[in-house]
Amino acid sequence: MSSDSPMAKPLPPDLEAIDLSKRFGSVVALDRVSLHLKPASFHALLGENGAGKSTLVKCVMGFYQPTSGKVCVGKKARAIANPAAAHKLGIGMVYQHFTSVSAMTVAENLVLSRFDSPLLIDWRKETEQLEAFMAAAPFPLPLDRSVSELAAGEKQKLEILKQLYLQSRILILDEPTSVLTPDEADEVLGLLREEVINRKLSVLMISHKFREVTAFADRVTILRKGKLAGHGSLKDLSVADMGAMMLGEVRTVQSIRKTKLENPATVLELRGLGANKDNGLPAIEDINLTIARGEIVGIAGVSGNGQKELVEVLSGQRSLVTGRVCVNGKPYRSTRKAMTEHQVYVLPEEPLYNACVPHMSVAENLALRTFDRPPQSKRGFLFLNVIRRMAQTLIEAFAIRTPSTQTPVRNLSGGNIQRTVLARELSSETIQLSIASNPCFGLDFAAAAYIRGQILAARNRGVAILLVSEDLDELLALCDRLLVMSEGKLVYESAIGDADLATIGRRMAGH
Ligand SMILES: Nc1ncnc2c1ncn2[C@@H]1O[C@H](COP(=O)(O)OP(=O)(O)OP(=O)(O)O)[C@@H](O)[C@H]1O
Ligand SMILES: [Mg+2]
């Protein structure tokens, strides 16, 4: 890595948002917020779900036009009309979801990402340039590899490399590590931190993980309900200080103790289950598993090892190739009718796309499981007032931040979309089996603690719960039994009291 020399590039530009406000109709998402990203610093942006973090960075990127206030780059006020304009000023953003084209190679994706991609690409010249770029990159990837063959961590690296390739000097990351394992996250953030120390880059990172913020950031800005709640140097702020600024008050989460049922009946039984990936290759093989009433069985594993396909089979979105599923001792096919009959509820990954109708309202999305039954409807008539009233109750119980029951669900913040689906899938009184995949993904710490409490409370009511999670701490805190999935197979099983972390780690890594 080149060090400072008289020939070194100038520092990344200074970036300042001054008194930025953004309204969406009646919602004030940002209320006169200022943030100063100094050249070559690593700055964290913290706040509860719906605090306005994504809105702030989207104003900087030109996705949104602020209602008032200004954005200065290099100490000059700039009107940033769109993301291309932000790129011209050296600002690039990495999104939570991948944006690469999976059927193409790493090289093709990099060239495609250029806004000025010429119609005719001189591949020989491009290849030479790409090879030189990769040789100097903080984390090289094989240029000729197809993106579909990259692991989640590598795909995230590609998203960051794209921004470096576009010569972004200011990198904005919106929850960049939610798809990474803790080791991958440390690797990627550590390498970015080196770029910052070498004064090549400024980083502005939205994160809910205090561990990452304290390990990698120099400075922090904290938002609360659209307003600036505090800012400062990590040297002067403890995790407790930052938590208090985020919440504005001390909220105690009551811890829920596990209770035990005597001789619980088996609710879910999987025998020899096998299913394929989209490309026809095996995704899961010979899965055997039972879950009893009042039991949480956890599946740990690195994402992409068949967990997603297993959840899809159980939620009726993927067909099985071998084996069978029984619920309450009866053969079970995951149709909407059977799910209602047996009171099976599912929280899939990416709930906005897999469990919501994005353009429909919060109330309609909350009613998706129940709208065709009394009291929400009778003989084909929908009772909209009942649907709205029930929605209002759930919005309050799960503290969903939404302007109204009629707001399209896609307009909610990431964490509030997650809460909407959780409210629908965890609130039924008669629920018997719940299948949850990364239920606290993207939730702030207070919301995550709340949801984990709801899961434990459901367990204590006798619900059988399959909890698929990439967060080992979450699994250790909630489960009664822990399994590890690797390459589509269950490769470890233990009662939680006997779980051996070293072995779990090795099994997760495929050893
Ligand atoms: N396009 C939009 N239309 C209407 N309201 C919106 C829109 N985008 C965001 N909002 C509202 O603005 C507020 C702030 O949302 P934002 O996405 O910035 O939150 P966030 O801090 O990123 O939260 P999270 O941690 O959940 O991602 C929320 O109340 C949200 O409902
Ligand atoms: Mg957000």
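What percentage of the 511 residues in the protein is made up of buried residues? In this predicted model, buried residues account for 44% of the 511 residues.

**View 1. Overall fold of the predicted model, with its 17 helices and 22 strands.** The protein, which contains 17 helices and 22 strands, has a radius of gyration of 24 Å, close to the 24 Å that the globule rule gives for 511 residues, so the protein is as compact as a globular protein of that length. Taken along the principal axes, the box filled by the C-alpha atoms is roughly 75 × 50 × 45 Å. Among the contacts with a separation of 6 or more, 68% are accounted for by residues 24 or more positions apart.

**View 2. Surroundings of A391 in the largest nonpolar core, which has 76 residues.** Within this core, the residues that touch the most other members are A391, I465 and L467. When residues up to four places away in sequence are not counted, A391 touches V362, A363, L366, A367 and T405. In soluble globular proteins, nonpolar side chains tend to be buried together.

**View 3. Helix α14, spanning residues 414-426.** From its first C-alpha to its last, this helix of 13 residues reaches 18 Å, close to the 18 Å expected at 1.5 Å a residue. Because 13 of the 13 residues of α14 are buried, the helix is largely enclosed by the rest of the structure.

**View 4. Packing of α14 against helix α15, the latter formed by residues 445-460.** The axes of α14 and α15 lie 12 Å apart and the two helices pack at an angle of about 10 degrees, which means that α14 is roughly parallel to α15. On the α14 side the contact is made by G415, R419, L422 and L426, and on the α15 side by A447, I451, Q454 and A458.

**View 5. P331 in strand β15, which comprises residues 330-331.** Leaving aside the neighbours within four places in sequence, P331 is in contact with R324 and C326. Y64 is 267 residues apart from P331 in sequence, and the two are 51 Å apart in space, C-alpha to C-alpha.

Technical notes. Residues numbered from 1 in each chain as written. Chains lettered and ligands numbered in written order. Predicted model: local features only at pLDDT ≥ 70, side-chain atom pairs only at ≥ 80, totals over all residues. Helix = DSSP H or I, 4+ residues; strand = E, 2+ residues; numbered from the N terminus. Expected span 1.5 Å × (residues − 1). Buried ≥ 20, exposed ≤ 12 C-beta atoms within 10 Å, placed from the backbone. Core = buried A, V, L, I, M, F, W, Y, C linked by C-beta atoms within 7 Å. Contact = placed C-beta atoms within 7 Å. Rg over C-alpha atoms; globule rule 2.2 N^0.38 Å. Axes fitted to C-alpha atoms, helices over the stretch in contact; angles between N-to-C directions. Parallel < 35°, antiparallel > 145°, perpendicular 65-115°, else oblique.
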